[in-house]
Amino acid sequence: METQTKASNNTNNTTMQETSAPKKRSKGFVIVLAALVIGGGAFGITKYVHGLHHEETDNAQIDANVSPVIPRVSGYVKEVRVKDNQMVKKGDTLVILDDRDLALKVQSAQAALLTAEANKNAAQASTQAAAAGISTAEAQIGTIDAQIEAAKVNVWRANQDYDRYANLIKDHSITQQQYEQALAAKQSAERQLDVLQRQKTAAARQTNVVSSQSTATSKQISLADAAIKQRETDVADAQLIQSYSVILAPEDGVLSKIYVQPGQYVNAGQSLFSVVLSTTPWVVANFKETQLNKMKLGQKVSVKVDAFPGKELEAKITSFAPATGAKFALLPPDNASGNFVKVVQRLPVKIEFTNPNDEAVQKLRPGMNVLVDVHLD
């Protein structure tokens, strides 16, 4: 009996222990579940409250000004003076092209300029000669005028003598020979006056001809001046084109992806490599169109860069893109085609740093991923 009693007691104790163990486990499970529910609820409430005053997106990257290096003339590369990731200043020589053909064009333009200048000198000499001819002709006309006046006096005197001898011959006071001499002197004086008047007319015509030639040569000087200006322009243009054989840095920055090599032929307008300008970078965040309701210019933005964990940079919204990113795609969607599927669009938003001199901002590079948090006011 004692043995049966002890066995019964042991059985009862075991049953009680088994009953109390599930109760303890159930109590622990309830506590953990309650903690999870409370924690999850607190997290959800926190996120909800945060969402009321913030808009976030990780579809954002660092951007900066990137200027392509493009030659203005075609030619063979003579020398490359830079290398990848090199810092350059505005005006530094990057690439030199073979400019021998361009130099020949400069020499040709300079030779044409010398020819135009020689033509002008010749026109000026002709004008001076014509002016001298005009002066000579005018002096000759003056001499003829004096001779004409003297000839008129001779004609008058010869007429007077002739008239006297004509009256005397009637009375036979003079001989016939004397009368004929007076008549001959009269006719000779008249003919001499006529000759001088004709010479004056010819000299006046010659003066007009020389004057016309002078006017023509003066116009030639104007044409020569215009030709010289044209040739000077050609020389300046040829020299400018030759200067394009030296490719310079457009701005301060860092070079990237230099693939051009000496001896390579490059075309005008061909992009050789790029210069990331030494300007303050900014952030381009692509927000969903449903997030833009409360966003506006000037709102504060917190920026977290994946490359710098734990670092938060201050920024602000400075502009909104005029169209969604899909509109700038190579093949924008055409909803009029009939195959319409509504897709939430994203609008690029430009965000600039409020402290561009921050050391962390200076370390940023275009293309880095960031997380932006807009503080809605």
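**View 1. Glu 359 and Lys 363 form a salt bridge.** Glu 359 is exposed, at 57% relative accessibility. This value comes from a predicted model. Lys 363 is partly exposed, at 43%. The closest N and O atoms of the pair lie 3.7 Å apart. Glu 359 counts as exposed because its relative accessibility passes the cut-off of over 50%. This salt bridge is one of seven in the structure. Side chains of opposite charge can pair when their charged atoms come close.

**View 2. A salt bridge links Glu 251 to Lys 90.** Here the closest N and O atoms are 3.9 Å apart. Glu 251 sits in the loop between β6 (246–248) and β7 (253–256). Lys 90 sits in the loop between β4 (87–88) and β5 (93–97). The pair therefore ties together parts that are 161 residues apart in sequence. Lys 90 is exposed, with a relative accessible area of 55%. Glu 251 is partly exposed, at 36%.

**View 3. Arg 81 and Glu 79 make a salt bridge.** The closest N and O atoms are 3.1 Å apart. Both partners are partly exposed: Arg 81 has a relative accessible area of 46%, and Glu 79 has 33%.

**View 4. Six strands close into a barrel.** Their order is β1-β10-β13-β12-β11-β14, and the pairing is antiparallel. From one strand to the next, the twist averages 40 degrees. Strands of a sheet pair through backbone hydrogen bonds, either parallel or antiparallel. The protein chain as a whole has 14 strands and four helices.

**View 5. Strand β1 pairs with β10 and with β14.** Strand β1 covers residues 54–63. Four bridges join β1 to β10 (residues 282–288), in the antiparallel sense. Six bridges join β1 to β14 (residues 369–375), again antiparallel. Follow Gln 61 across the sheet. Its bridge partner in β10 is Val 284. In β14, the bridge partner of Gln 61 is Asn 369. Ile 62 has Val 283 as its bridge partner in β10.

**View 6. The largest nonpolar core holds 24 residues.** Val 283, Val 303, Ile 351, Phe 353 and Val 372 touch the most other members. Seven elements each supply at least two residues: β1, β10, β11 (300–305), β12 (312–320), β13 (346–353), α4 (359–362) and β14. Strand β13 gives the largest share, four residues. A second, separate core has 19 residues, including Val 82, Ile 258, Phe 273 and Val 275.

**View 7. Val 372 and the residues it touches.** Leaving aside residues up to four places away in sequence, the neighbours of Val 372 include Glu 55, Glu 56, Thr 57 and Ala 60. Val 372 also touches Val 283, Ala 285 and Phe 287. Val 301, Ser 302, Val 303 and Ile 351 complete the list. Val 283, Val 303 and Ile 351 are among the core members that touch the most others, as is Val 372 itself.

**View 8. The whole protein chain, for orientation.** The chain has 377 residues, and 25% of them are buried. Its accessible surface comes to about 24,800 Å². Carbon and sulfur atoms account for 53% of that surface. Take the contacts between residues at least 6 apart in sequence: 80% join residues at least 24 apart.

Methods:
Residues numbered from 1 in each chain as written. Predicted model: local features only at pLDDT ≥ 70, side-chain atom pairs only at ≥ 80, totals over all residues. Heavy atoms only, no water. Buried < 20%, exposed > 50% of the residue type's maximum accessible area, 1.4 Å probe, protein only. Contact = heavy atoms within 4.5 Å. Areas by Shrake-Rupley, 256 points an atom, 1.4 Å probe, with all protein chains shown as cover. Pairing = 2+ DSSP bridges. Axes fitted to C-alpha atoms, helices over the stretch in contact; angles between N-to-C directions. Salt bridge = Lys/Arg side-chain N within 4 Å of Asp/Glu carboxyl O. Core = buried A, V, L, I, M, F, W, Y, C linked by side-chain atoms within 4.5 Å.
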